[in-house]
Amino acid sequence: MVKLGIIGTGRIANRFVLTSETVQGLKVNAVYNPHLLSAEAFAANHKLAHAYSDFGLFLDEVDAVYIATPHETHKEYVSKALDAGKHVLCEKPMCFSKIDAESLFSKAKEKQLVLMEGFKTAYCPGFQLIMEQIRTGKIGEVVDISAAFSRIPENMAGLREVENREYGGSFTEYGSYTLLPIAMLFGCHPKEMRFSSILNSNGTDCFTKVDLAFDKGFAEGRTGLGVKTEGQLVVSGTQGYLLAPSPWWLTKYFEIRHEDPNDAERFETNFDGSGLRYEMEEFLMQISGTRPTNKEMQNVSIFAAEIMEEFLKKRMSQNGI
């Protein structure tokens with residue numbers, strides 16, 4: 001039984017604890033928040049044994065941690081947890097520079113610990129089937145990828161994702177999702193990248209497009225926060241294309257289509273809850289050694305950090321900083 005501690009007490013942390021109850025071999029037994037009252041309220045709500053505002057005492061109670069705090073705090077929490085000998089599952093984005101991502105994975109390897117970024121979509125059966133069908137050549141050679149993720153919150157006022165001028169906005173919030181299929185199909189070494197953003201009054205982006213050029217094709221990621229677009233994944237190939245409708249990141253079905261509109265295949269897969277269960281199970285298997293470290297996903301994390309780094313530079317330039 002892996003004793004896991006939650007760092008953070010927000011929306012995703014609540015969903016994580018509820019989902020963990022369906023995963024064998026995992027026990028959430030502690031929560032940390034620098035504000036003790038928040039930690040205690042969270043622990044009481046979920047019937048957790050321990051609540052801490054002291055990070056050292058918190059780490060003493062657990063074997064592994066799940067980090068679900070504001071983006072800019074992730075890197076420091078990951079580093080401190082690894083230094084304390086704890087396995088780490090961290091929400092996206094784990095960090096905002098390529099060198100930081102490489103350094104954290106290097107530290108985890110040196111200490112023989114598991115470090116995973118929470119790309120939950122990567123471990124869902126539907127998305128794995130998408131990758132399998134494309135890699136078997138069903139649509140020929142891939143030449144273009146278009147992935148989108150957008151959301152209009154019920155109440156934008158005071159929303160952290162909007163108000164955080166340095167690290168908020170649509171791309172830091174949802175860009176990692178769109179980069180996942182791009183990295184897995186085209187690799188992690190774009191020849192060119194271009195960002196186009198529409199900014200809010202405070203300088204965060206409400207809509208962003210990233211265009212990437214690779215040796216064998218092109219890719220586009222679109223994110224919106226307060227702007228809505230069709231949240232689909234389209235992968236174009238020399239013999240057809242794959243369409244996964246919104247929400248493709250929680251894939252329940254997709255279609256492969258060809259020149260003849262009657263020549264289409266529909267694939268349906270099981271999908272459980274919010275998808276968090278699949279990444280938890282992957283995390284546990286890597287901790288137990290029943291599944292090796294996923295080098296491909298580590299490369300995806302490093303790639304995503306590199307793209308985030310370049311995006312933030314561009315946005316700062318747009319803001320005249």
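Biologist: How many disulfides does the structure hold?

Modeller: The structure holds zero disulfides, a disulfide being a pair of cysteine sulfur atoms within 2.5 Å. For Cys90, the nearest cysteine sulfur is that of Cys95, 8.2 Å away, so Cys90 is in no disulfide. This is a predicted model, in which local features need pLDDT of at least 70, side-chain atom pairs count only at pLDDT 80 or more, and totals for chains, interfaces and linings use all residues. Residues are numbered from 1 along each chain as its sequence is written, and side-chain values use heavy atoms, with hydrogens and water left out.

Biologist: Why is Cys90 called buried?

Modeller: Buried means under 20% relative accessible area, exposed over 50%, and partly exposed in between (1.4 Å probe, protein chains only). Cys90 has a relative accessible area of 0% and is therefore buried.

Biologist: What makes Asp83 and Lys107 a salt bridge?

Modeller: The term requires a side-chain nitrogen of Lys or Arg within 4 Å of a carboxyl oxygen of Asp or Glu. The N to O distance between Asp83 and Lys107 is 3.1 Å, so the pair qualifies. Asp83 lies in helix H4 (residues 74–83) and Lys107 in helix H5 (residues 98–110), so the pair ties together parts that are 24 residues apart in sequence. Helices are DSSP runs (H or I, at least four residues), numbered from the N terminus.

Biologist: Why does Asp83 count as partly exposed?

Modeller: Its relative accessibility is 46%, so Asp83 counts as partly exposed.

Biologist: Why is Glu161 called buried, whereas Arg160 counts as partly exposed?

Modeller: Glu161 has a relative accessible area of 2%, hence buried, whereas Arg160 is at 33%, hence partly exposed.

Technical notes:
Helices (H or I, at least four residues) and strands (E, at least two) are DSSP runs, numbered from the N terminus.
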